[in-house]
Amino acid sequence: MDFTELFDAINDEDLEPNSDIGVLRDVLHAVTAQKNFDMRTMKRFGELTGKAHQHRRLKPSTEEISFELVGLSGSARKISEFALQVEEILVTVELARVKMCEGEDCESLFIDESKNKSRKWCDMAHCGMLRKSKVFYDNHRRVKAEASK
Ligand SMILES: [Zn+2]
């Protein structure tokens, strides 16, 4: 299952905190923080997944078992798809793999799919490099400061 689109949506900087996607973010954020879901988030997440399940049908396909959403379109359909994906993450993904980026000023959530669960950044090329160059800069400055004593 590819969750790229879901994470793009919940990591959007312009995300409204009380929007439906904001609720999905709150659920995954609670997982990364190893906190319990608050009642309001749980209730709204229940409504979102409940609605999605009402519209979910087994796809009449002979090849493999899959589901489709019927009777929903536009943003309602998207939200339902996302709600089901979050549910799938909660059920199928090892929760220690749901993480928040350790980059400064970055609160992006992601699923760590590395072998030893060592991933720390949403994007190595961005937050990872910023962090590395900052460590390099700090070390470099300390060496220079000591040298000039
Ligand atoms: Zn980041």
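D105 is found in the loop between β3 and β4, where helices (H or I, at least four residues) and strands (E, at least two) are DSSP runs numbered from the N terminus. Phi of D105 is near 60 degrees, a positive value in a residue other than glycine. Most residues other than glycine have a negative phi. D105 counts as exposed because it has 7 C-beta neighbours inside 10 Å; a residue is exposed with 12 or fewer other C-beta atoms within 10 Å of its own, buried with 20 or more, and partly exposed in between, the C-beta atoms being placed from the backbone.

The model is predicted: local features need pLDDT of at least 70 and side-chain atom pairs count only at pLDDT 80 or more, while totals for chains, interfaces and linings use all residues. Residues are numbered from 1 along each chain as its sequence is written.

A positive phi, about 55 degrees, is also taken by Q34, which is not a glycine. Q34 lies in the loop between α2 and α3, just after α2. With 9 other C-beta atoms within 10 Å, Q34 is exposed.

**Overall organisation**

The chain comprises five helices and four strands, arranged along the sequence as α-α-α-β-β-α-β-β-α. Of its 149 residues, 18% count as buried. Among contacts between residues at least 6 apart in sequence, 42% join residues at least 24 apart; a contact requires C-beta atoms, placed from the backbone, within 7 Å of each other.

**The nonpolar core**

The largest nonpolar core has 22 residues, and those with the most contacts inside it are L24, V27, L28, F82, A83 and V86. Such a core is a set of buried Ala, Val, Leu, Ile, Met, Phe, Trp, Tyr and Cys residues joined through C-beta atoms within 7 Å. Two or more residues of this core come from each of α1 (4–10), α2 (20–32), α3 (39–54) and α4 (74–92). Helix α2 gives the largest share, six residues. V27 touches F37, T41, F45 and V86, not counting residues up to four places away in sequence. In soluble globular proteins, nonpolar side chains tend to be buried together.

**Helices α2 and α4**

In α2, the buried residues are D20, I21, V23, L24, R25, D26, V27, L28 and V31. Their cover includes α1, α3, α4, β3 and β4 (109–111). The 13 residues of α2 should span 18 Å at 1.5 Å a residue, and the end C-alpha atoms are 19 Å apart, which agrees; the expected span is 1.5 Å times one less than the number of residues.

R25 lies in helix α2 and counts as buried, with 24 C-beta neighbours inside 10 Å. Leaving aside its neighbours within four places in sequence, R25 is in contact with I10, L15 and L109. R25 and V86 are 61 residues apart in sequence and 8.9 Å apart in space, C-alpha to C-alpha.

In α4, I79, S80, F82, A83, V86 and I89 are buried. Among the elements covering them are α1, α2, α3, β2 (67–69) and β3 (98–100). The 19 residues of α4 should span 27 Å, in agreement with the 27 Å between its end C-alpha atoms.

The table gives the axis geometry of two helix pairs; axes are lines fitted to C-alpha atoms, for helices over the stretch in contact, and angles run from 0 to 180 degrees between N-to-C directions.

| Helix pair | Angle | Axis separation |
|---|---|---|
| α2 and α4 | about 5 degrees | 10 Å apart |
| α3 and α4 | roughly 110 degrees | within 8 Å |

The angle of about 5 degrees makes α2 roughly parallel to α4. Angles under 35 degrees count as roughly parallel, over 145 as roughly antiparallel, 65 to 115 as roughly perpendicular and the rest as oblique. D20, I21, L24, V27 and L28 in α2 meet I79, F82, A83, V86 and I89 in α4. The residues of this contact divide into nine nonpolar, no polar and one charged; Ala, Val, Leu, Ile, Met, Phe, Trp, Tyr, Cys and Pro count as nonpolar, Asp, Glu, Lys and Arg as charged, and the others, Gly among them, as polar.

The axes of α3 and α4 cross at roughly 110 degrees, which makes α3 roughly perpendicular to α4. L48, T49, K51 and A52 of α3 make the contact with I79, S80, A83, L84 and E87 of α4. Its residues divide into five nonpolar, two polar and two charged.

**L58 in strand β1**

L58 is found in strand β1 (residues 56–58). With 9 other C-beta atoms within 10 Å, L58 is exposed. L58 and E68 are ten residues apart in sequence and 6.4 Å apart in space, C-alpha to C-alpha.

Key. Two residues are in contact if their C-beta atoms, placed from the backbone, lie within 7 Å.
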